[in-house]
Amino acid sequence: MAKLENWSIMFRTDLYGNTYKKLVGTVYGHPLADYTTGKLCDGHNILTKKLASLDLDSGTAITRDGTVYELGNRSSIEEL
């Protein structure tokens with residue numbers, strides 16, 4: 001399971017007026033990390049795919065493509 005530290009919620013609107021959420025933060029332990037390109041490697045800042053669920057009580061988020069994130073410390077920036 002990937003972990004996000006120093007994360008914030010981003011609210012966006014698509015061309016049809018539908019609002020969706022993404023997370024931005026520092027990733028650790030992403031299962032698709034590519035150390036030859038640096039993509040999704042530990043300590044890099046990422047923007048997740050659209051969220052399917054966000055459970056702040058349990059500290060987990062799941063993207064629409066099925067990636068599960070454990071949520072660590074939240075950023076002092078509330079929302080983007």
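Select Asn 6 first: at 47% relative accessibility this residue counts as partly exposed, a class lying between buried, under 20% relative accessible area, and exposed, over 50% (1.4 Å probe, protein chains only). The model is predicted, so local features need pLDDT of at least 70 and side-chain atom pairs count only at pLDDT 80 or more, while totals for chains, interfaces and linings use all residues. Residues are numbered from 1 along each chain as its sequence is written, and side-chain values use heavy atoms, with hydrogens and water left out.

Stay with the backbone of Asn 6, which lies in strand 1 (strands are DSSP runs of E, at least two residues, numbered from the N terminus) and has a positive phi of about 50 degrees although it is not a glycine. Most residues other than glycine have a negative phi.

Next, select Leu 40 in the loop between strand 2 (19-28) and strand 3 (45-47), where phi is again positive, near 65 degrees. Leu 40 is buried, with a relative accessible area of 17%.

Then show the side chain of Lys 3, a partly exposed residue with a relative accessible area of 27%. Glu 5 forms a salt bridge with Lys 3, with the closest N and O atoms 3.3 Å apart; the term requires a side-chain nitrogen of Lys or Arg within 4 Å of a carboxyl oxygen of Asp or Glu.

Through shared partners, the salt bridges join Lys 3, Glu 5 and Glu 70 into one network.

Key: Helices (H or I, at least four residues) and strands (E, at least two) are DSSP runs, numbered from the N terminus.
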